[in-house]
Amino acid sequence: MNDAPQTPPAAAADETVPMIPAADAPTLLVKIFGRDRPGLTAGLFETLAGYDVAVVDIEQVVTRGRIVLCALVTAPAGRGAESELRVTVHGWAESMKMQAEIISGIGDNSPRGAGRSHVTVLGRPLAPESIAAIAALITGTGGNIDRIFRLAKYPVTAVEFAVSGAEHTALRSALALESAARGVDVAVVPSGLQRRAQRLVVMDVDSTVIQDEVIELFAAHAGCEAQVAEVTAAAMRGELDFEQSLHARVALLAGLDASVVDKVRAEVRLTPGARTLVRTLKRLGYQVGVVSGGFTQVTDDLKERLGLDFAAANTLEIVEGRLTGKVTGPIVDRAGKARLLRSFAALAGVPLSQTVAIGDGANDLDMLNTAGLGVAFNAKPLVREAADAAVTVPFLDAVLYLLGITREEIEAADALDGTATD
């Protein structure tokens, strides 16, 4: 750092006060690399302990049994002390069948640039040319890659780049275009405490939490699948708004026996990773909810099955044991989903900046744009372009990687209570 060191407060005579090295103080970068084995880290620092040095920084990486261990220390004072340290460290490394490199320098690491982001890359598989293109674009936007590490190796490969020096919006825009061209998912999330503080996640239901469209499941029992599909197509063409299309489709269900609700609930298929996503978020202290243009007859059941904190949807009217072909209460549409996100956040005591919204359709856009982080999940191009991040792999728990949660952390938590990852 270039900041002048602060003078430490006076200490008692028997206390040792660690000193921060001055910006122009000589330092040594001690690098050890080779086959990993127990005791290497302890051994290196026991060797360095024989000299009057202070530890400034440490970095260690192990990949497929190979270790790279770096220690930045102050140069030892005294005539010949540095040369002696070099000989001793090289001798210890050789005895451990390791290689050593010691580089002289001045001061601490250079300060990182402003504008820090986490760039998460998901691939299935992750190709070298994709990493090359992403790294080049980060450099092209003025960014520096400070660190890269793997978040998951299956069912997708997920890696995270810690980037500094690039403006967040410009970096996200550049990488969004490249991700589409390369067929990988790239999410850019601002760094900082806020990333760890996100405490409410709200998701769409149809084609997000579940693999199905609930209205189509009901239509199959009513024998009107073709008519429902026709109304849906008209809405997608812009000939009907959501509320009009909802009323038109629900009207086709009039007269259906209410016992069909239990049948539809049994037919609903959770998206792979949905249980893992919710379970992991709950363990971390998040609150989780769903909002849907579908029906409470299904979302209430999902709330109970998954242990959700919030659930809201439209309600099919049932009179004398049959569906009337109408819905009751306020319509949950595009604007309604954003309104419910705000309501859930207020009930949870969470600011909107610390919320995450996940959805796949155009009627989720207001919710995605209202949340602190909007994630498009297997969404249409329009939604992917508008969202903060996009996930196109078919595993809902991949969203956890955008929050910096690793697969190992997920599975370690599952192992503690004997839960199987879905």
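The following legends describe close-up views of a predicted model.

**View 1**

**View 2**
Strands of a sheet pair through backbone hydrogen bonds, either parallel or antiparallel. Strand β13 (residues 355-359) pairs with β14 in the parallel sense, over 4 bridges. Within this pair, Leu 373 of β14 has Val 356 opposite. Strand β15 (residues 389-391) is also paired with β14 in the parallel sense, here over 3 bridges. Ala 376 has Ala 390 of β15 as its bridge partner.

**View 2**

**View 3. The open sheet of β1, β2, β3 and β4.**
An open sheet is formed by 4 strands in the order β2-β3-β1-β4, with antiparallel pairing. Its edge strands are β2 and β4 (99-106), each of which pairs on one side only. From one strand to the next, the twist averages 10°. Strand β1 (residues 26-35) and strand β3 (residues 66-74) are paired over 9 bridges in the antiparallel sense. Val 30 has Ala 71 in β3 as its bridge partner.

**View 4. The second largest pocket and its lining.**
The volume of the second largest pocket is about 490 Å³. Its lining comprises 18 residues, of which Val 62, Phe 149, Arg 150, Leu 151 and Glu 408 are the closest to the pocket centre. At least two lining residues come from each of β2 (55-63), β6 (144-152) and α16 (407-417). Strand β6 gives the most to this lining, with 6 residues. Classified by residue type, the lining has 7 nonpolar, 3 polar and 8 charged residues.

Arg 124 and Pro 125 are joined by a cis peptide bond, with omega about 5°. Pro 125 belongs to the loop between β5 (117-123) and α3 (128-140). A cis bond also leads from Tyr 154 to Pro 155, where omega is near -5°. The loop that holds Pro 155 lies between β6 and β7 (157-164).

Although Ser 207 is not a glycine, its phi is positive, at about 65°. Ser 207 is located in the loop between β9 (200-203) and α6 (214-222). With a relative accessible area of 24%, Ser 207 is partly exposed. Glu 320, also not a glycine, has a positive phi of about 50°. Glu 320 is part of the loop between β11 (310-319) and β12 (322-328). The relative accessible area of Glu 320 is 81%, so this residue is exposed, the cut-off for that class being over 50%.

Definitions and conventions: Residues are numbered from 1 along each chain as its sequence is written. This is a predicted model: local features need pLDDT of at least 70, side-chain atom pairs count only at pLDDT 80 or more; totals for chains, interfaces and linings use all residues. Side-chain values use heavy atoms; hydrogens and water are left out. Two strands pair if DSSP finds at least two bridges between them. On a 1 Å grid over the protein atoms alone, a cavity is a set of points where a 1.4 Å probe fits but cannot get out, and a pocket is an open set with protein on both sides within 12 Å along at least five of seven lines; lining residues have an atom within 4 Å of a point. Grid points are joined across faces, edges and corners, and a volume is the space filled by probe spheres set on the points. Ala, Val, Leu, Ile, Met, Phe, Trp, Tyr, Cys and Pro count as nonpolar, Asp, Glu, Lys and Arg as charged, and the others, Gly among them, as polar. Axes are lines fitted to C-alpha atoms, for helices over the stretch in contact, and angles run from 0 to 180 degrees between N-to-C directions. Buried means under 20% relative accessible area, exposed over 50%, partly exposed in between (1.4 Å probe, protein chains only).
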